[in-house]
Structure formats: C-alpha cells, structure tokens
Amino acid sequence: MSKTYKFPKDFFWGAATASYQVEGGIYNNDWAKAAEDGFVPLAGSGGDHYKQYESDFDLAKSIGHNCHRLSIEWSRIEPEEGRFDMKEIEHYRKVLQSLNEKGLTPFVTLWHFTLPLWFVEKKGFEKKENIKYFSRYCEFVVKNLKEECKHWATCNEPMVFASNGWLRGQWPPFKIGRFLMIWTVVNNLAKAHRHTYKILKKESPDSDIGVVKNNIYFHVHKGFFNKFRARFMDWFWNRRFLKKVDRHCDSLGINYYFHSEYGNGEKKYPKSDMGWDLYPEGLYHVLMGVKGFGKGVYVSEAGLADERDKNRAWYIRGLVESMGRALEDGVKLEGYMYWSLMDNYEWSFGFEKRFGLIEIDYNTKERRIRNSAYEFEKICRSGELVVK
Ligand code: BGC
C-alpha cells in the first residue's frame with residue numbers, strides 16, 4: 001500500500017549555506033586565523049560563492065527551490081570594532097535582492113559560527129559584557145536589510161558551537177574539557193538572543209525572528225538507566241537552550257543530523273561520508289520533541305556528506321517522510337532547507353566532505369548538479385511524497 005504525504009501549498013523548499021563555508025575570500029575571522037596558524041584547513045577562495053551567487057541561485061531555482069537559507073559574515077560587516085562597512089551591506093543587499101527576484105525567499109542567519117578577530121580578542125561569548133557588540137551588529141544588519149528579508153535567526157547551533165570549541169577542542173578557541181565554560185557560553189548566547197530579539201522586533205516588527213538549533217534524537221530501547229540518560233541528554237542538549245529563548249522566538253529552526261542509541265546492542269545503520277548514521281526516521285522524533293513549544297518550525301538543515309551521491313536521494317526522501325508524519329501529527333512545520341546547496345568547507349574537515357546538491361570542482365570552480373538534486377526537485381515542485 002502506498003501513501004502520499006501532501007505538504008501545504010506555501011511550504012518552503014530549498015537548501016542552506018553559511019558565509020565562511022561557501023563565500024571564499026574571508027581572512028578576518030577566528031577560523032581564518034586558526035587556518036593560518038595550522039589548526040584547521042584553509043578556506044581560501046573556496047566555493048567562490050561571494051562572486052558567483054547569482055548563477056548559484058539560478059541553479060537553485062532550476063531545481064525547484066522556492067527559498068534559500070544563508071548567513072551574513074560578521075567579520076565583513078564589522079571588520080574592526082565599531083567600524084561598519086557599507087560596501088558589504090550593499091553586497092548582501094544585492095544577494096538578497098537576487099534571491100527575491102528569482103522567487104527564492106531568503107532566510108538569514110546573522111551569525112553562523114565564525115567571529116571577527118576583534119571580538120575574539122575580547123573573549124567573545126565567554127563574557128556577558130560582550131553581548132552588546134553582538135546585538136549592535138545584528139541591529140545594524142537588520143536596520144539596513146529589513147526590506148529585503150523577513151526571516152531572521154540570530155545564531156546557529158549554540159550547543160555545537162560550545163561543545164566543539166570548549167569540550168572537544170576541535171574548533172576555535174580549541175579548549176578541551178571546559179564544562180563550565182560550555183555552560184557559560186550557552187547561557188550568554190541565550191541572553192544575547194533575548195536581548196537582540198527585543199531590539200530587532202522594534203526595528204522590524206513584521207519580521208519572523210528565531211534561532212537555529214541542532215537537536216538529536218535520543219533513542220531508548222530498554223532499561224531504566226538508559227531512559228534516565230536519554231532524558232537527561234534530551235534536556236541538556238535539546239531543550240535547555242530552547243527553553244531559555246522560546247518566549248523570544250517567533251519560529252524555531254531545527255537542524256537534524258544525529259540519533260543516539262541507548263540499549264540497542266550492535267545495530268548497524270548505513271553511514272554518510274562523515275561516518276554518521278543515516279537514520280532519517282529520527283527527524284520525526286526530533287520534530288515531535290519541539291511540538292510543545294507551539295511555534296512554527298523550519299527544518300533549517302538536514303543532509304549528508306555523500307561524494308558518490310549513492311545515499312542522498314533515499315535519505316532525503318526519508319527525511320521528507322518524517323516531516324510528512326510530523327505535519328500529520330500536529331507539528332507546525334513550514335519548510336525544509338537541505339544542507340547544503342553546494343559542496344563547501346566542512347569546518348575542521350576542510351573541503352573533502354561533499355554535502356552539496358551541487359558539486360563543485362575546486363580547481364575550476366565549475367558547478368554540476370548531482371542526480372539526487374533532481375529527485376529532490378520532484379518533491380519540491382509537486383509538494384508531495386509518495387511512499388511505497
Ligand atoms: C552546521 C553546518 C555544518 C553541518 C554539517 C551543522 O552543524 O550548521 O555549518 O556544515 O552541520 O556538519
């Protein structure tokens with residue numbers, strides 16, 4: 001028996017990117033500095049999207065997308081403390097206008113992991129006193145670009161940012177085991193969001209303003225202790241930050257990549273090129289987990305690294321099935337942005353991992369649409385998914 005999931009007419013279908021991962025030519029932030037110091041791979045001219053955005057958006061449109069999520073690079077807008085660069089604002093204005101002209105609704109994340117060097121010198125989000133700089137930057141951007149964009153998120157994945165930077169030591173500032181600092185950084189990010197939300201709401205009352213959060217499905221199979229561990233992790237990783245900000249969010253962006261199993265022995269799943277389990281069903285549970293907040297929800301990222309494009313099509317279909325089920329079960333789901341529109345700089349892994357619907361040849365900067373993108377296109381254009 002086949003089943004058809006029908007999505008609302010105005011559902012957003014598209015893909016996401018982030019400034020440092022695709023633009024190229026950014027040398028003034030903490031990641032560029034870390035690359036210069038030999039801690040992470042260089043991003044250099046990368047995907048060259050800063051110059052090629054127009055044709056990249058043509059490709060997105062050609063594969064049926066009607067929205068696009070991107071981020072703005074703080075180190076371009078405010079390269080030195082208090083010095084705002086109007087040339088860069090004009091650049092992003094053109095980027096957003098280009099999206100609007102092509103019928104791709106823009107979703108902008110104001111900060112996606114990378115920080116200007118001057119802000120890092122002040123100890124960034126480790127210090128509560130620095131929140132004001134973040135809010136000032138966000139206010140400046142929204143004040144200037146509010147006509148071009150109505151969907152804003154202040155920050156991307158606070159828990160991932162804090163744990164990779166202060167627990168695992170894989171991302172700037174490369175600290176290990178600093179549990180208290182994770183707590184502090186996440187709390188400061190929540191405060192930064194709340195403070196910024198109030199300012200942005202005054203600046204642009206008709207904008208939809210939220211956060212983007214990475215949530216994990218903590219999957220318990222058996223055992224009281226496992227249940228307890230999963231509950232704790234669900235609170236710590238998924239809910240704690242959201243509870244701190246939800247009264248200051250018009251909608252929630254949810255990113256899904258991981259499920260974590262408790263009490264399931266040796267069960268094996270297919271894996272992405274990152275070595276991550278491919279378990280699209282987990283997205284259903286993650287979405288049900290945020291239903292109680294009562295907000296509109298976007299799947300602001302979900303995707304996989306798959307250089308040979310062997311798993312992408314079925315994985316996307318599985319994700320969309322999870323979204324269809326969540327919609328049927330009352331989640332106010334409003335859109336899905338696949339990660340990522342094109343191959344990009346996968347942080348400490350550099351350019352080797354290929355998440356794109358569009359492949360990039362980094363020698364020539366040429367683009368090629370992957371077959372799975374055409375499979376996704378069918379869903380985007382019809383607004384439905386038939387499951388056999
Ligand atoms: C981030 C992206 C990243 C992706 C895949 C998310 O954590 O927002 O920047 O490339 O996952 O790792």
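Ser251 stands opposite Gly296 in β8. The model is predicted: local features need pLDDT of at least 70 and side-chain atom pairs pLDDT 80 or more, while totals for chains, interfaces and linings use all residues. Residues are numbered from 1 along each chain as its sequence is written, and side-chain values use heavy atoms, without hydrogens and water.

Strand β8 covers residues 296-301, and six of its six residues are buried (under 20% relative accessible area, 1.4 Å probe, protein chains only). Strands are DSSP runs of E with at least two residues, and helices are runs of H or I with at least four. β7 and β8 run parallel and are joined by five bridges; pairing requires at least two. Together with helix α11 (residues 282-290), they make a right-handed β-α-β unit. β8 also pairs with β9 (residues 333-339) in the parallel sense, over three bridges, and Tyr298 stands opposite Gly335 there. The chain crosses from β8 to β9 through helix α12 (residues 312-328), again as a right-handed crossover.

Two pockets are compared below. A pocket is an open set of points on a 1 Å grid where a 1.4 Å probe fits, with protein on both sides within 12 Å along at least five of seven lines; lining residues have an atom within 4 Å of a point.

| Largest | about 470 Å³ | Val160, Asn164, Trp171, Phe258 and Trp276 |

α8 gives three residues to the lining of the largest pocket, the largest share.

Definitions and conventions
Grid points are joined across faces, edges and corners, and a volume is the space filled by probe spheres set on the points. Buried means under 20% relative accessible area, exposed over 50%, partly exposed in between (1.4 Å probe, protein chains only). A crossover is right-handed if, with the strands pointing away from the viewer, the path from the first strand over the helix to the second runs clockwise.
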